[in-house]
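Reader: I would like to learn how to read a protein structure. Where do we begin?

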Amino acid sequence: MTLPIILSFAALLLLCLLSLLQSRWPVWLRGLLVVGVSCFYFYAEGAIHTLWGWPSGDPLPERFVLLAAVIEEPAGKRDGALYVWVNAVEDGRPAAQPRAYQLPYSKDLHALLNEGLKKVRNGIAQLGTAEPKAGRKGLARLRPGSDEQQVKLRDMPLPQLPEK
């Protein structure tokens with residue numbers, strides 16, 4: 001997956017270099033090209049970080065199995081964060097590949113994850129649900145903090161085996 005990304009950047013750099021050196025564009029248009037390609041680089045770098053295993057800032061899946069969590073408490077100028085590693089539950093089965101998520105720090109979620117991790121260490125799998133927090137009605141993008149989720153954990157039900 002990384003080779004196509006690297007080749008795309010190399011092709012973009014070559015086109016930019018050729019247009020800067022060989023074109024008869026006005027200087028202001030060449031400058032605009034340099035600024036545009038620079039902005040695209042930083043945008044693409046952020047997108048690539050989500051592909052290479054960095055924790056996702058996306059909301060948690062609606063149903064998931066908790067695998068692990070790392071808790072960074074707020075200290076000084078640094079905001080805290082909660083990093084969780086989960087398997088999304090799709091069609092009643094855990095997904096094939098786990099995903100890391102970064103959540104904003106809250107004391108309630110910190111306590112919930114601590115309890116869930118204790119149970120996971122004792123061999124009791126934890127099934128989680130994440131629902132958007134109830135709030136005022138209206139356009140979600142106009143309300144800051146409307147992307148917060150209500151996370152709940154419970155013990156995974158034991159599988160029901162058929163009788164012989």
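Predicted model: local features only at pLDDT ≥ 70, side-chain atom pairs only at ≥ 80, totals over all residues.

Reader: How many helices and strands does the chain have?

Author: There are 3 helices and 6 strands. Along the sequence they come in the order α-α-β-β-β-β-α-β-β.

Reader: What share of the residues counts as buried?

Author: The cut-off for buried is under 20% relative accessible area. Of the 164 residues in this chain, 22% count as buried. The chain exposes about 12700 Å², and carbon and sulfur atoms supply 61% of that area.

Reader: What part of the contacts comes from residues 24 or more positions apart?

Author: Among contacts with a separation of 6 or more, such residues account for 56%.

Reader: Which residues touch the most other members of the largest nonpolar core?

Author: Start with the general idea. In soluble globular proteins, nonpolar side chains tend to be buried together. Here the largest nonpolar core has 15 residues, and those touching the most other members are Leu60, Phe64, Leu66, Val84, Val86 and Leu113. Two or more residues come from each of strand E1 (63-72), strand E2 (81-90), strand E4 (99-104), helix H3 (107-121) and strand E6 (149-155).

Reader: Is leucine 66 buried or exposed?

Author: Leucine 66 lies in strand E1. Its relative accessibility is 3%, so leucine 66 counts as buried. Beyond four places in sequence, the contacts of leucine 66 include Val84, Val86, Leu113, Gln126 and Leu153.

Reader: How many residues apart in sequence are leucine 66 and leucine 153?

Author: They are 87 residues apart in sequence, while their C-alpha atoms are 8.4 Å apart in space.

Reader: What does valine 84 touch?

Author: Residues up to four places away in sequence are again left out. Valine 84 then touches Leu60, Leu66, Ala68, Ala69, Arg99, Ala100, Tyr101, Leu103 and Leu113.

Reader: Where does glutamine 126 lie?

Author: Glutamine 126 is in strand E5, residues 126-132. With a relative accessible area of 2%, glutamine 126 is buried.

Reader: Which backbone oxygen does the side chain of glutamine 126 reach?

Author: The side chain of glutamine 126 reaches the backbone oxygen of isoleucine 124, at 3.4 Å. Apart from neighbours within four places in sequence, glutamine 126 is in contact with several residues, among them Phe64, Leu66, Lys119, Leu153 and Asp155.

Reader: How many salt bridges does the structure hold?

Author: To find one, look for a side-chain nitrogen of Lys or Arg within 4 Å of a carboxyl oxygen of Asp or Glu. The structure holds 2 salt bridges. In one of them, the side chains of glutamate 115 and lysine 118 meet at 3.8 Å, N to O. Both residues lie in helix H3, 3 residues apart, about one turn of the helix. Glutamate 115 is partly exposed at 45% relative accessible area, and lysine 118 is partly exposed at 46%.

Reader: Where do lysine 119 and aspartate 155 lie?

Author: The side chains of lysine 119 and aspartate 155 meet in a salt bridge at 3.5 Å, N to O. Lysine 119 is in helix H3 and aspartate 155 is in strand E6, so this pair ties together parts that are 36 residues apart in sequence. Lysine 119 has a relative accessible area of 34% and is partly exposed. Aspartate 155, at 37%, is partly exposed.

Terms used:
Residues numbered from 1 in each chain as written. Heavy atoms only, no water. Core = buried A, V, L, I, M, F, W, Y, C linked by side-chain atoms within 4.5 Å. Buried < 20%, exposed > 50% of the residue type's maximum accessible area, 1.4 Å probe, protein only. Helix = DSSP H or I, 4+ residues; strand = E, 2+ residues; numbered from the N terminus. Contact = heavy atoms within 4.5 Å. Polar contact = N/O pair within 3.5 Å; in protein donor to acceptor, adjacent residues only side chain to side chain. Areas by Shrake-Rupley, 256 points an atom, 1.4 Å probe, with all protein chains shown as cover.
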